[in-house]
Amino acid sequence: MIQIIKKIILTLIVIVIIDRIFTYAFMNIFFSKTISGESGGTINYVLNKKSNIDFLIIGPSRAKHGMDPAVLTSLGANGYDLGINGTDVLNSLLVLDILIKHDVKPKTIVLQTDLSDYTGNSKTKILDQIKRVYPYDTELVREYVGRVGYVEQVKYFFGTYRLNRKVANIGYNFLKRNSIGDNTGFVGLPSIPFAPDEKSLSADYVYDKNSTTAEALRRIKKICDDNNIKFVVVFPPSYKNVFYNGVEQKVMLEDLKKNGINNVIDLSDISKLPDLAKEENWRDAIHFNTLGAETFSKILNRELAKMIK
């Protein structure tokens, strides 16, 4: 029995050593030089090439495809859009923390978010968001791993697990690193040959001020305050207001104000934005096409200029 236990312990030690060697080599040889792709490459791009930007846009796909830094001239001439598809404000918090830890401190952070971010609080949702930054190992990421549970903590201990399903993507993006030119991060979307869905998506959205995401928003505010960064929150509209709940939007805005989040640009009600209401501006019900993104960015730039004054 003792011999079996010794073999098990030895096997575990060997596994840990192999894991550490592989992870260290992969992170330093490949990942650190990868500057594209949503497995950490876009974050690396900012760390390596955009460390002195005037402003940074963070948020999900509505930020990535709907807010053009080149148009937001009221914030400065040098901005970058670090929107990441499929994320929410919790992921934005972790991304911002990574940037700050690497001394990337823009003058302004612009967060694009929506009411829908604050209506669910499951461990599954938390895990989905934190796993997107798993190539990075930070104290804040480990905190949220702990919230998911002991099993995830054990898995997270192994670097190969944190890289799971990302090795191939990172490797591919590593190979094309020399072809990545200077860009603003903004990606315009083409139009589609059919009308956006007009079915309401927001009927069940109820703002939860105690959700993990609401807490994450408050933590972003604190990070910005601690680093003398101006923090702006933007709520974009949706086609025919399918993503809009006026009652709960008001509840959310009041809670943000109570928590000192005052730089809020609420453009969520499309009825107040006739220039954007036309179908020709939309890729789908919640995403602008390139034309709509440019129109929205001009509107947003005007609102930002008013805020700055």
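## The setting of Asp 269

Helices here are DSSP runs of at least four residues and strands are runs of at least two, numbered from the N terminus. The model described in this report is predicted. In these terms, Asp 269 belongs to the loop that joins strand S5 (264-266) to helix H12 (274-277).

Is Asp 269 buried or exposed? A residue is called buried when its relative accessible area is under 20%. Asp 269 has 14% relative accessibility and therefore counts as buried. Apart from its neighbours within four places in sequence, Asp 269 is in contact with Asn 241 and Tyr 244. Between Asp 269 and Ile 286 there are 12 Å from C-alpha to C-alpha, and the two stand 17 residues apart in sequence.

## The packing of H4 and H10

Two packed helices are described by the angle between their axes and the distance between the axes. For helix H4 (residues 89-101) and helix H10 (residues 212-226), the axes come within 8 Å and cross at roughly 25°. Angles under 35 degrees count as roughly parallel, and H4 and H10 are therefore roughly parallel to each other. The crossing of H4 past H10 is left-handed.

Which residues make this contact? On the side of H4 they are Val 89, Leu 90, Ser 92, Leu 93, Leu 96 and Ile 100. H10 contributes Thr 212, Thr 213, Ala 216, Leu 217, Arg 219, Ile 220, Ile 223 and Cys 224.

## Aromatic pairs

The count of aromatic pairs comes to 13. One of them joins Tyr 45 and Tyr 80, whose ring centres are 5.4 Å apart. Planes under 30 degrees apart count as stacked; the planes of Tyr 45 and Tyr 80 stand at 25°, so this pair is stacked. The pair links distant parts of the chain, since Tyr 45 is in helix H2 (residues 41-49) and Tyr 80 in strand S2 (residues 79-81), 35 residues apart. Tyr 45 counts as buried at 1% relative accessibility, and Tyr 80 is buried with a relative accessible area of 4%.

In another pair, the rings of Tyr 134 and Tyr 156 have centres 5.0 Å apart and planes at 70°, so the arrangement is edge-to-face. Tyr 134 lies in the loop between helix H5 (123-130) and helix H6 (139-148), while Tyr 156 is in helix H7 (residues 150-156), so the pair ties together parts 22 residues apart in sequence. Both Tyr 134 and Tyr 156 are buried. Elsewhere, Phe 22, Phe 26, Phe 30 and Phe 174 form one aromatic cluster.

Notes:
Residues numbered from 1 in each chain as written. Predicted model: local features only at pLDDT ≥ 70, side-chain atom pairs only at ≥ 80, totals over all residues. Heavy atoms only, no water. Buried < 20%, exposed > 50% of the residue type's maximum accessible area, 1.4 Å probe, protein only. Contact = heavy atoms within 4.5 Å. Axes fitted to C-alpha atoms, helices over the stretch in contact; angles between N-to-C directions. Parallel < 35°, antiparallel > 145°, perpendicular 65-115°, else oblique. Left-handed = near helix turned anticlockwise from the far one by under 90°. Phe/Tyr/Trp six-rings, centres within 6.5 Å; stacked < 30°, edge-to-face > 60°.
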